[in-house]
Amino acid sequence: MSERFDSVDALLEHARTQISRYSPAQARERVGQGALFVDILPQWQRSALGEIPGSLIIEANHLLWRLHPGSGACLPQAHAGRELIIVCQEGYSSSLNAASLAQVGLPAGDLDGGVLAWTDAGFPVSNTLTEVEQVVGVAAA
């Protein structure tokens, strides 16, 4: 039987014990070492907040299937062993989604504070809206 939690906050706290959380500077360093940013924000939020260059855009409801190498629907950017850093607006949904990925054996963490922390740290965002399942700043094939 799965664990039950008394609140969303308790669930979130538990999820965060299952993953690595990275500051914007730490996340940027991890990506420089081969990790992949995965942006799960809906289009309207990405339009308002911008997108982190190099992020793979995946809708949250497709996350497990598009990132698990054994799913049959996996995207080429998500290969076995590649660390995934999930990005949302402030770092709440990203923690829950990263924990789901970790539960199926994927090395996943999240960007602590989300894209808002990224921009507060002075790191760049793209204001060009990227299609789902494409990488920010890379032309679609």
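These are my notebook entries on a predicted model of a single chain.

**Entry 1. Overall build**

I began with the secondary structure. The chain holds six helices and five strands. Read from the N terminus, the order is α-β-α-β-α-β-α-β-α-β-α. I then looked up the radius of gyration, which is 14 Å; the globule rule also gives 14 Å for 141 residues, so the chain is as compact as a globular protein of that length. The C-alpha trace extends over about 45 × 35 × 30 Å along its principal axes.

I next asked what share of the contacts joins residues 24 or more positions apart. Of the contacts with a separation of 6 or more, 66% are of that kind.

**Entry 2. Surface and charge**

I recorded that 39% of the 141 residues are buried. The accessible surface amounts to about 7,600 Å², and carbon and sulfur atoms supply 49% of that area. For charge, I noted 8 positive and 15 negative side chains in the chain. The centres of these two sets are 5 Å apart.

**Entry 3. Val38**

I turned to Val38, which belongs to strand β2, residues 36-39. Is Val38 buried or exposed? Its relative accessible area is 0%, and because the cut-off for buried is under 20%, Val38 counts as buried.

I then listed what surrounds this side of the strand. With neighbours within four places in sequence set aside, Val38 is in contact with Leu56, Ile58, Leu63, Leu67, Leu84, Ile85, Ile86 and Val87. For one of these residues, Val87, I looked up the C-alpha separation from Val38: the distance is 5.9 Å, although the two residues stand 49 residues apart along the chain.

**Entry 4. Salt bridges**

I searched the whole structure for salt bridges and found five. Side chains of opposite charge can pair when their charged atoms come close.

Asp112 and Arg21 form a salt bridge through their side chains, at 3.1 Å from N to O. Asp112 is partly exposed at 38% relative accessible area. Arg21 is also partly exposed, at 23%.

Arg46 and Glu51 make a salt bridge of 2.5 Å, N to O. Both Arg46 and Glu51 are buried.

Glu133 and Arg66 likewise meet in a salt bridge, with an N to O distance of 2.5 Å. Glu133 is in the segment after α6 and Arg66 is in helix α4 (residues 63-67), so the pair ties together parts that are 67 residues apart in sequence. Arg66 has 19% relative accessibility and counts as buried. Glu133, at 22%, counts as partly exposed. The 20% cut-off therefore places the two partners in separate classes.

I also noted a network: salt bridges with shared partners join Arg21, Asp110 and Asp112.

**Entry 5. Backbone at Glu133**

I returned to Glu133 for its backbone. Most residues other than glycine have a negative phi. Glu133 follows α6 (114-120), in the segment after that helix.

Definitions and conventions:
Residues are numbered from 1 along each chain as its sequence is written. This is a predicted model: local features need pLDDT of at least 70, side-chain atom pairs count only at pLDDT 80 or more; totals for chains, interfaces and linings use all residues. Side-chain values use heavy atoms; hydrogens and water are left out. Helices (H or I, at least four residues) and strands (E, at least two) are DSSP runs, numbered from the N terminus. The radius of gyration is taken over C-alpha atoms; the globule rule is 2.2 Å times the number of residues to the power 0.38. Buried means under 20% relative accessible area, exposed over 50%, partly exposed in between (1.4 Å probe, protein chains only). Contact means heavy atoms within 4.5 Å. Accessible areas come from the Shrake-Rupley method with a 1.4 Å probe; for residues, only the protein chains shown count as cover. Lys and Arg count as positive and Asp and Glu as negative; His and the chain ends are not counted. The place of a charge is taken as NZ of Lys, CZ of Arg, CG of Asp or CD of Glu. A salt bridge is a side-chain nitrogen of Lys or Arg within 4 Å of a carboxyl oxygen of Asp or Glu.
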